[in-house]
Amino acid sequence: MAARTFPEMPTPSSLLSAYASMSTSIMLFRTMFNQLFPPQLRRYVLDNVRLYWKPKTSKLTLVFDEKDGMTSNHMFDAAEAFLCTRINPNSDRLRITKSVKDTHINIKFAESEEIGDSFEGVPVTWRYVRQQPQKRTGDGDGFDYANGKPSSGGGFSPERKFIELKFDKKYKEIIISSYLPWIIKRSQELENQKKVVKLHNLQSYGGGPGGYKESVNLDHPSTFDTLAMDPKMKQAIIDDLNLFLKRKDFYKKVGKAWKRGYLLYGPPGTGKSSLIAAIANYLKFDIFDLQLSNVGGDSSLKKLMLRTSNRSILVIEDIDCSIQLPDRKGIVPAKLSEVKPGRDPMFSLSGLLNFIDGLWSCCGDERIIIFTTNHKERLDPALLRPGRMDVHIHMSYLTVDGFETLAANYLNIYDHHWRFREIKELIKCRKVTPAEVAEELMKSEDVEVVLGGLVKFLKRKKVEDDEGKDGVDDEDDEVHESKKAKLIS
Ligand SMILES: Nc1ncnc2c1ncn2[C@@H]1O[C@H](COP(=O)(O)OP(=O)(O)OP(=O)(O)O)[C@@H](O)[C@H]1O
């Protein structure tokens, strides 16, 4: 039988010498490649080689870099905000952030975590990537071949953060034209929800030229739920605000500035300021509080006006008594002749009207202006003309419905209490403000004590009313009798 022959096995030394000659050839090739070809051509060749070897995939990946050059990338921010709402309960890692100004903790998804989502039946995968600073591999020819970017010749490239969105290539159109715009819209809504409403104090003197503004977070807890007022009127105000918000195109079409004026009037303690805070909290609009008595004149008023921002509420409280407005014939009341040094004495009613209609109209969008007064009858009719103050809201004495709201808010009583019948009867025939009743309801933690005290207060109030100690204007008497809050729009 013939003996079987095996091919000769390479010896270790022959393997070693083959490896050495191959590495020498590669190094020689690399040196020749670098020396013979200019950088642009080298880049072109390498790009094509990479492209050729890259495995083909049916997936498309969109990359949202945190920065677009020096500026932040809005699409990255929008995606990051949106993805907070898609955090998987099974996530292993989450990022927690909170700036000093934030009122709450932000939970964001962490690097390398993947989040699945679907849009109109198209499944997508999101991934947050954070690349640590990397040593530049540039060889001094001005190009970093590892990252495919111009290099500054050594050193470290900065940390790079980006979000990847992966999906099937065939859905590219729907993702880019529908999903991404939807994410931007959604992120704006989320931003709005998180927004901390600010209260700005507009003043025209005491600061730099043209005045200054101070601002604090508006921590007023008033909302439409906590407001004690006629439920129908409350709903009418909410509907009016909602209509105003969605009518941007309508205002443009009819050639009107996108603004709405409200006049809140009624006795002190009926909730005018609380309603303003409730509106601001509802719309998430900042409040600009303008003290007319601190405004030097028309020019200061205009400057202050330019300091207010869009999506804001400009409030002028107690308009009847914060300043005595001269009428439009130019008769300046005595008070204005006592102008403080350095202040413009030419403050006029027409300046204020101009501010509401003229300058106001062409300065910004989505503005609400609110005047409050305890004495509507004292206001110049020009201020009340339709188009200036679009909605007149009468804040009146406490009604039975209002009392139920206060009882729920202050005492957690949502249905009935044996004292309620008597209290409601007393409220019906008394001119008592929500502020007075609110104060009574805070006097003890014991419900029986509080309601007993309220009954005594209301009875005492009756005596005071009978003796005419409580002076109120005729209009409020009328409204109280009819127990109807007025909303004139
Ligand atoms: N309608 C209301 N609903 C709930 N709470 C109210 C209401 N009205 C008054 N209050 C309570 O009374 C306090 C004072 O009310 P608010 O300052 O809103 O009244 P106002 O009408 O603006 O008074 P003024 O005319 O003196 O400025 C509020 O902080 C709130 O606790």
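**Exercise 1. Work out the strand order of the open sheet with four strands, and find its edges.**

Step 1. The order in this open sheet is β1-β12-β7-β6, with antiparallel pairing. Strands here are DSSP runs of E with at least two residues, helices are runs of H or I with at least four, and both are numbered from the N terminus. Two strands pair if DSSP finds at least two bridges between them.

Step 2. Look for strands that pair on one side only: these are the edge strands, β1 (59-65) and β6 (114-119).

Step 3. Axes are lines fitted to C-alpha atoms, for helices over the stretch in contact, and angles between N-to-C directions run from 0 to 180 degrees.

A note before going on: this is a predicted model, where local features need pLDDT of at least 70 and side-chain atom pairs count only at pLDDT 80 or more, while totals for chains, interfaces and linings use all residues. Residues are numbered from 1 along each chain as its sequence is written.

**Exercise 2. Follow β6 into β7, then place the helices that pack on the sheet.**

Step 1. Six antiparallel bridges join β6 to β7 (residues 122-131). Within this pair, Phe 119 stands opposite Val 122 of β7.

Step 2. Helix α3 (residues 74-83) lies across β1, β6, β7 and β12 (160-168), and runs at about 105° to β1. Helix α4 (residues 172-194) also touches β1, β6, β7 and β12, its direction making about 75° with that of β7. Contact means that C-beta atoms, placed from the backbone, lie within 7 Å.

**Exercise 3. Is Tyr 265 buried or exposed, and which residues does it contact?**

Step 1. Find Tyr 265 in strand β15 (residues 259-265).

Step 2. Leaving aside neighbours within four places in sequence, Tyr 265 contacts Thr 373, Lys 376, His 394 and Met 395.

**Exercise 4. How many of the twelve residues of α7 are buried, and what do they pack against?**

Step 1. Nine of the twelve are buried, so α7 is largely enclosed by the rest of the structure. Among them are Leu 275, Ile 276 and Ile 279.

Step 2. The buried residues of α7 pack against α5 (231-245), β15, β16 (286-290), β17 (312-316) and β18 (367-373).

Step 3. Just after α7, note Lys 284, whose phi is positive at about 60°.

Conventions:
Two residues are in contact if their C-beta atoms, placed from the backbone, lie within 7 Å. A residue is buried if 20 or more other C-beta atoms lie within 10 Å of its own, exposed if 12 or fewer, and partly exposed in between; C-beta atoms are placed from the backbone.
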